[in-house]
Amino acid sequence: MKEPCAHCGEECTKGVIAIEDKSFCCDGCKTVYQILQDNDLCQYYGEGETPGNTVRNEAYYDKFDVLNDHDTARLFTQFSDGKIQKFTFKIPSIHCSSCIWLLEHLNKINPKIISSEVNFQKKEVLISCDKHITLKDVAILLSSIGYEPSLNVSENFQKKSNFKLILKIGVAGFCFGNIMLFAFPEYLGLDDQEFSKFFAWLSFVLSIPTLFYAGSDYIKNAIDSIQQKYVNMDIPIALGMITIFGRSTYELITDIGPGYFDSLSGLVFFLLVGKWFQQKTYDTLSFERTYKSYFPLSVNVEQNGIKVQVKLESLNVGDVVYIRNEEIIPADGILLSDNAAIDYGFVTGESDPIEGTRQGIIYAGGKNRGTEIKVQLTKKPDSSYLTQLWNKDDNPSKDSVNTLADAVSKYFTFAVLFITLGTLLFWLIADPDKIWTSVTAVLIVACPCALALTIPFTLGNSIRYLGRKAIYLKNTFVIEKLAKVNSIAFDKTGTITKLNSKNIHYHSLDNTSLDQYNSIIRSIAQNSTHPISMSISKFLNNSELINISDFKEIAGSGVEGTYEGKRYRLGKMNHSEDGNVGFFIDGSLVGYFIIEPSFREGVAELNRRIDHLGLKQHLISGDSEREDQAVSEMLKFSNKKYRVTPPEKKDLIQSIQKNHEIVAMVGDGLNDAGALSQSNVGIAVSDDVNYFVPACDVIIDGKSVKYLDKLIRFSRINMSIIRGGFLLSFLYNIVGLSFAVSGTLSPIIAAILMPLSSITVVAFTSVSSRLAYHRLFDKN
């Protein structure tokens with residue numbers, strides 16, 4: 001008989017590959033074993049004799065043949081351009097940090113895989129790979145290492161997890177209630193030994209499912225944590241539960257007393273209720289559930305032959321959407337236009353546009369480069385995927401409160417275990433009868449949960465409140481960055497000024513009527529999202545749209561396109577001092593638009609309030625100095641720069657930062673993209689909030705620019721609320737531990753106090769951030 005593989009259990013029919021005392025059937029199995037061994041994850045092999053034995057035989061993989069079907073494969077495909085593919089699988093068996101580590105290092109097992117990223121909450125893995133590996137191959141690879149993907153795309157593992165938790169709460173509650181009933185004779189001081197003994201043994205029987213079923217997650221997580229040489233808060237909790245059960249069982253068997261089975265069952269019940277509450281809290285904070293409140297993306301949809309703006313969450317499969325130049329494609333679809341140039345740099349990091357053809361598939365996250373295109377959606381927009389792209393490579397800094405909280409939580413458990421050991425030694429000498437209650441109370445009452453909830457609850461609530469004022473933040477880290485801002489750089493056009501189509505006039509240089517070119521100019525302008533282009537398009541709103549070819553938009557210069565063999569351009573006029581918008585035909589200036597912008601409502605008051613906050617203000621504009629006098633009379637800036645090109649704006653931001661200024665750049669999403677990206681906080685202003693700007697941290701409606709100073713003040717207040725939450729959490733733990741160490745706190749009261757601390761912090765942060773919001777933004 002041939003030797004079995006130590007990983008998958010298959011017979012080594014093609015020869016044996018041996019490492020130490022292990023035999024493997026192929027390089028793949030050997031590689032998985034080496035990766036696990038090199039990273040101290042070989043406890044994976046403790047789950048069975050051959051945990052990779054899903055590689056049983058080729059017939060086992062037949063169920064993955066469905067992934068070769070084109071329509072089925074599209075359900076799992078997030079992106080494919082012929083070079084790079086992105087697949088998403090649900091993995092039900094993900095349960096710990098080892099799972100995450102292994103699944104995020106698939107490239108070490110198969111070099112055709114570029115990267116993989118786990119979403120633990122959704123039990124999903126997003127895999128990027130090259131074109132030489134199929135979807136079926138990826139599914140087989142996942143199965144071979146013990147993580148078989150689910151082929152049911154609609155399966156909701158979160159609901160299953162919630163049901164299991166509720167079931168465990170039910171079991172713990174039933175046992176707790178009955179054990180309390182059995183303990184009544186003892187509570188009332190009745191002296192019937194036979195009944196007391198009988199009820200004590202019944203309590204013991206009920207405590208077994210309480211500990212080993214209802215409380216199993218704590219024990220299992222503690223064991224996994226120890227095996228992985230990582231300390232978490234489940235360790236002291238599991239120790240506390242096992243200590244109570246062991247001591248109670250010992251007392252019952254030796255006839256010392258009835259034990260503390262009522263305390264154990266109450267402890268498990270209240271811990272599970274606290275866990276349920278915490279889970280509901282995190283569900284409430286989940287960006288993927290609440291993005292509708294503050295994710296501004298919407299698109300133009302064709303309805304009855306006309307364009308209507310529709311919010312992202314209202315889009316459906318089959319909708320025909322229009323994507324203008326520089327706009328993000330919200331969902332996978334089929335291209336209905338003749339051709340398109342799609343930049344997938346937002347998805348893959350490679351910015352070279354890919355040519356799309358009629359009836360070809362285009363993917364969510366791509367950016368249209370060129371003439372407006374029509375796309376028929378084949379999937380509903382996936383908010384989690386878009387926000388994952390928006391938040392790519394955006395992590396808290398080393399001095400972040402998030403990093404501080406993580407560090408405190410990490411060492412918290414060590415401190416608790418140290419205090420527990422000290423308590424045990426003290427009461428061993430002082431009064432051995434108090435050892436078990438004191439030690440257990442210490443293990444249970446101390447908890448960093450309140451500390452962990454402070455940051456997400458404060459900042460998560462704040463993001464939702466800001467959404468009510470059409471201020472949309474990329475993530476919670478942005479609030480922390482805003483609180484540190486001490487300098488603001490403003491663009492002018494579309495930021496502190498707004499354009500009105502009623503204040504536009506056309507002046508011809510060749511005595512040709514504008515009517516002759518209305519359709520051409522509008523059709524070129526409507527492809528752009530720049531405020532000037534949008535104003536001109538609106539000015540010519542009654543003109544018919546025509547098909548423009550070879551559309552281009554050059555940041556800081558203008559827009560251009562070809563119609564019937566002639567090249568038309570709208571943009572800057574050479575050597576112009578007045579900032580008007582020229583209209584060119586084949587390079588010759590034939591006329592220009594005179595645009596008279598006006599200051600946004602409340603900008604003057606905003607400028608004064610920012611000055612009172614002590615923040616420096618800079619004006620960086622690509623326009624001419626034509627309106628400098630009006631600007632100077634109304635607004636105060638530390639310095640002003642005009643005729644600045646987009647690359648120069650980025651350089652200016654960089655030079656300001658070298659002066660130890662933490663800069664927020666406020667501008668439009670096209671010409672200011674480089675400056676927005678370079679700044680510490682990029683704030684994109686749009687009067688049409690359907691324009692999604694990946695380079696920025698904040699998207700703000702033009703009408704809400706007047707709240708900019710309040711946004712910064714609100715961010716600073718939130719950081720103070722977080723510090724207050726930290727203080728509350730520390731005070732709770734200090735007071736709770738002092739009572740527990742002194743032997744005056746019972747384990748069951750400790751179990752009640754543990755979730756109460758979280759409730760207290762949640763209430764404090766929620767009420768405080770709500771009051772701060774109303775005090776700042778609802779104030780006249």
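1. Helix 17 (residues 477-484) and helix 24 (residues 708-741) have axes that come within 8 Å and cross at roughly 105°. Helices here are DSSP runs of H or I of at least four residues, strands are E runs of at least two, and both are numbered from the N terminus. Axes are lines fitted to C-alpha atoms, for helices over the stretch in contact, with angles from 0 to 180 degrees between N-to-C directions. The two helices are therefore roughly perpendicular to each other (65 to 115 degrees).

2. The model is predicted: local features need pLDDT of at least 70, side-chain atom pairs count only at pLDDT 80 or more, and totals for chains, interfaces and linings use all residues. Residues are numbered from 1 along each chain as its sequence is written, and side-chain values use heavy atoms, without hydrogens and water.

3. Which residues make the contact of helix 17 with helix 24? Helix 17 supplies Ile479, Glu480, Leu482 and Ala483. Helix 24 supplies Leu711, Ile712, Ser715, Arg716, Asn718 and Met719. Contact means heavy atoms within 4.5 Å.

4. Six strands form an open sheet in the order 19-24-23-22-21-20, with antiparallel pairing. Strands pair if DSSP finds at least two bridges between them. Strand 19 (504-508) and strand 20 (549-554) are the edges, each pairing on one side only. Neighbouring strands are turned by 15° against each other on average, direction ignored.

5. Strand 22 (residues 566-572) and strand 23 (residues 581-585) run antiparallel, joined by five bridges. Arg569 stands opposite Phe584 in strand 23.

6. Helix 19 (residues 531-539) lies across strand 19, strand 21 (558-563), strand 23 and strand 24 (588-595). Helix 19 runs at about 90° to strand 24.

Technical notes:
Parallel < 35°, antiparallel > 145°, perpendicular 65-115°, else oblique.
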